[in-house]
Structure formats: C-alpha cells, structure tokens
Amino acid sequence: MKANNNPYTDRTEGDTKLKRNTRTSKGATVATHGGPRPDEQSGVLNPPVYRASTVFYPTVDAYKKRHDGYYDDVIYGLYGTKTTFALAEAISKLENASETLITSSGTAANALAAAAFLSAGDHLLAADCVYGTTRKFFETILQRFGVEVSFFNPRAGDEIRSEFRCNTRAVFLESPGSQLFEMIDIPAVVEAAKAAGAVTLIDNTWATPLNYRPLDHGVDISIQSGTKYFSGHSDIMIGSISVRSRAHFEQIKDMAGRWGNCASPDDCYLAHRGLRTLDVRMERHQRNALRLIEWLRRQHEVVRIRYPALEDDPGYPIWRRDYAGASGLFGVELKKMSDHAAAAFFDHLSLFGLGSSWGGYESLLVPAWPKPVRVANTVNEEHDLIRVHAGLEDPADLIADLDAAFERMRSATP
Ligand SMILES: *Cc1c(COP(=O)(O)O)cnc(C)c1O
C-alpha cells in the first residue's frame with residue numbers, strides 16, 4: 001500500500017489501474033478558491049486586471065518612502081499589481097509556500113531563482129536532466145559570471161554527496177527530468193544539500209503542486225513554468241517561484257526587480273483562470289497518457305516508454321513513494337526510423353500537433369534529441385525518442401491518429 005503522500009488531504013487507497021490514489025479533493029478546492037475575496041471587490045468573483053506602470057502617491061512623504069513597500073505593495077507596475085499578487089497568493093496556497101514571485105516565463109523563473117543565490121566563485125550543482133534552456137543559462141551566462149557549474153546524474157541517489165564541493169551554494173533539480181524522465185531521490189538530495197549548507201531549487205513543472213509539493217519535502221524553492229499546466233491553454237508565457245523563507249523571497253525579488261522582469265497583467269489573469277480547472281485537467285491528462293501508453297506498448301517498433309508512473313519504469317519506486325499523480329507528458333523510445341519514415345510518421349498527423357511547449361489542452365508529438373547535451377543518461381543510438389503530450393481529446397481519436405501514423409511509417413520503411 002502506498003503511504004499517504006497526498007499533499008492536501010488524507011487519501012484513500014484508490015484506483016489500482018492508475019496505480020495512484022484518488023487525488024486531492026482539497027487540492028481542487030485550493031485551486032478553485034485561491035485568490036482575492038469577492039467582498040474586497042464589490043462582490044466580483046474574479047481578480048481585476050490592473051494595467052499599470054505609474055502608481056500615484058498621495059503626498060511627497062509617501063512618495064519618498066515608496067520603496068519601503070518594494071516587496072509587498074503596489075509601488076510601480078514592474079514590481080506587481082493586485083492582479084499579480086492575487087495569482088501569487090493562489091499559487092502560494094497550492095505550493096504551501098509563504099510567498100510566490102511571478103515572472104515573465106518559466107525560463108526567467110529558473111534563471112532568476114538560481115542566480116539569486118550565486119556569486120562569482122560559488123558552485124552550482126545541477127541535475128543533468130534539467131530543461132535545455134535552463135542548462136544553457138547555467139553553462140553560458142552563469143559560467144561567464146564566474147560561477148562553477150557541474151551536472152550530476154539524476155539517478156545518483158545517496159551518491160549525490162560526493163558531488164558537493166566546499167563552495168557549493170545551490171542545487172538545482174528537475175524531476176522527472178526533461179526528455180528522459182529520470183526521477184531524482186529528492187529527500188536524499190535535500191539531506192545532502194542541508195548538510196552542505198546549499199539552497200535547493202526544483203523545476204516542478206511536470207508534476208504541478210497538485211501531484212508533488214516540493215516545499216513540504218524540504219526543498220527551499222519550487223519553480224513552475226506556468227506556461228504549461230497552470231495556463232493550460234497554450235496562449236501565455238508565465239513562471240512562478242515559491243518559497244518558504246522571507247529571506248529567500250527578498251533575495252529572489254531583488255534579482256527579478258533589478259533585471260526588470262515581470263509578467264503582463266493579462267497573462268497573470270489567464271494563469272489564475274487556468275488554475276481553476278487545473279485539477280480536472282491534470283486528471284484527464286494522466287488518464288489519456290495511460291490510455292495512449294497502453295496502446296503504444298503493443299506496437300512492435302516501441303522499445304520502451306519513459307513515464308515514472310509505470311511499474312517497470314526505473315523511476316517508479318520514487319514516484320510511487322513521493323508523488324500523488326502523474327501528468328500527460330512522456331517519452332517513447334522506438335526503433336530508429338529513416339528520415340523518410342519519420343516524415344511519413346510526423347507530417348500527416350491530424351490531431352497531434354508538432355510543436356514545443358506542452359501542458360495545453362491539445363496533444364503534441366515531437367522528436368527529441370537528448371544526446372548532445374547530456375553527460376549521464378542517454379538514449380541507445382539504435383533508437384529514436386519522441387515526446388508525447390497527451391491532451392484532453394477523446395483518447396480513442398488520439399489512438400486512431402497514432403495508428404495511422406504507425407501505418408504510414410511502416411509503409412515508408414523498406
Ligand atoms: C517549458 C519548460 C520550461 C520553460 O518555461 P517557459 O515558460 O517556456 O519559459 C522550464 N522547465 C520545464 C520543465 C519546461 O517544460
């Protein structure tokens with residue numbers, strides 16, 4: 001029996017087919033209700049969209065003291081308005097955070113949060129499986145600014161200890177990892193980081209706080225690309241950084257403010273609206289992913305599925321121990337296709353879209369190339385890797401689309 005890892009509520013043992021417990025009636029409630037109170041805005045349910053650069057002050061004295069409100073108040077458009085703060089408050093509730101900072105994208109959130117804790121001469125220890133652009137930021141910009149960066153095998157477990165240096169100040173995680181879906185033993189990393197006095201940060205976009213709440217497990221900073229599941233509709237760019245400590249919040253807000261990073265009020269509004277349906281969408285994404293996987297596993301070209309919610313996935317024991325559910329994103333390793341067969345497979349899909357960014361309502365299918373950057377785990381050269389995002393469509397229609405793609409690929413294979 002799985003221990004109760006539900007972030008929000010006592011969970012009953014559930015659906016054996018999904019190998020998860022029925023999730024978060026309380027999580028759903030938090031997602032639905034987090035934000036401003038109607039009685040503070042004439043009874044209107046949703047937060048107003050404040051478009052602002054200029055903010056007026058009643059007296060010269062108030063104007064002189066405006067920066068006293070830098071961290072919490074509306075003092076200038078760049079530092080957030082009530083629209084931004086309403087979204088931040090809702091996310092804080094979901095993450096069980098004391099504070100959340102909203103950024104212009106998930107990429108900005110990862111970069112600003114990591115940079116907030118690093119100076120020239122410090123060492124950043126990052127999981128080998130972090131999102132590609134995050135890795136590029138670490139390897140190019142941070143290194144240029146004099147930060148040492150090294151990458152550890154996400155499957156290192158306790159052996160992470162040997163990766164620490166005397167100047168390690170921050171550890172950056174992402175679990176499961178981008179592209180290869182490796183699960184990190186987060187409690188083991190947190191313990192080692194605490195002993196070393198390093199701050200831990202995680203990009204938690206895949207799980208969302210409904211399926212994993214990092215701050216409850218000792219991680220210091222939880223980051224989301226809200227562009228993905230928070231938004232859910234593939235139409236905005238936004239990020240969030242949630243913390244448990246006021247000092248961390250101030251450090252991160254300083255970093256974001258000095259770089260001039262902020263999210264647009266419309267995008268804050270839309271992300272907030274997306275949160276209202278996050279719970280039902282996540283449940284459907286997971287269910288559709290499992291339906292597609294069930295079908296894909298029966299195709300002889302498919303060698304392996306990368307999705308930690310599957311019992312035969314190497315990350316399964318950790319996922320089962322720590323996570324309350326899974327999302328719609330997974331990897332499929334299949335026997336290498338010729339360019340001709342790959343074109344036949346990808347070019348005529350009718351429902352699956354060929355495009356980056358996932359977490360929206362629509363299903364996506366893209367080829368992935370994890371080899372050039374990775375130092376730890378890679379894909380066997382005999383195989384291709386594709387990344388699937390199971391959207392919210394009827395799974396039978398998605399399977400028909402896949403079936404046609406496999407048929408086209410077979411006909412194009414000599
Ligand atoms: C997409 C993504 C990001 C980047 O987020 P943007 O909002 O697109 O900048 C970061 N981390 C992960 C895991 C992602 O999938």
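This report covers aromatic pairs and charges over rings in a predicted model.

## Basis

Local features need pLDDT of at least 70 and side-chain atom pairs count only at pLDDT 80 or more, while totals for chains, interfaces and linings use all residues. Residues are numbered from 1 along each chain as its sequence is written, and side-chain values use heavy atoms, with hydrogens and water left out.

## Aromatic pairs

Rings of Phe, Tyr and Trp (its six-membered ring) pair if their centres lie within 6.5 Å; planes under 30 degrees apart are stacked, over 60 edge-to-face, the rest tilted. The count is 15 aromatic pairs. One of them joins Y70 and Y71, edge-to-face, with centres 4.8 Å apart and planes at 75 degrees.

Burial is judged by relative accessible area: buried is under 20%, exposed over 50%, partly exposed in between (1.4 Å probe, protein chains only). Y70 is buried at 4%. Y71 is partly exposed at 21%.

Y307 and F330 are edge-to-face, because their planes stand at 70 degrees, with ring centres 5.8 Å apart. The pair links distant parts of the chain, 23 residues apart. Y307 lies in the loop between β8 (302-306) and α11 (316-322); F330 is in strand β9 (residues 329-335). Helices (H or I, at least four residues) and strands (E, at least two) are DSSP runs, numbered from the N terminus.

Both Y307 and F330 are buried.

## Charges over rings

A charge sits over a ring if NZ of Lys or CZ of Arg is within 6 Å of the ring centre and within 35 degrees of the ring normal. R135 places its charged end over F151, 3.8 Å from the ring centre. R258 lies over the face of Y70, 4.8 Å from the ring centre.
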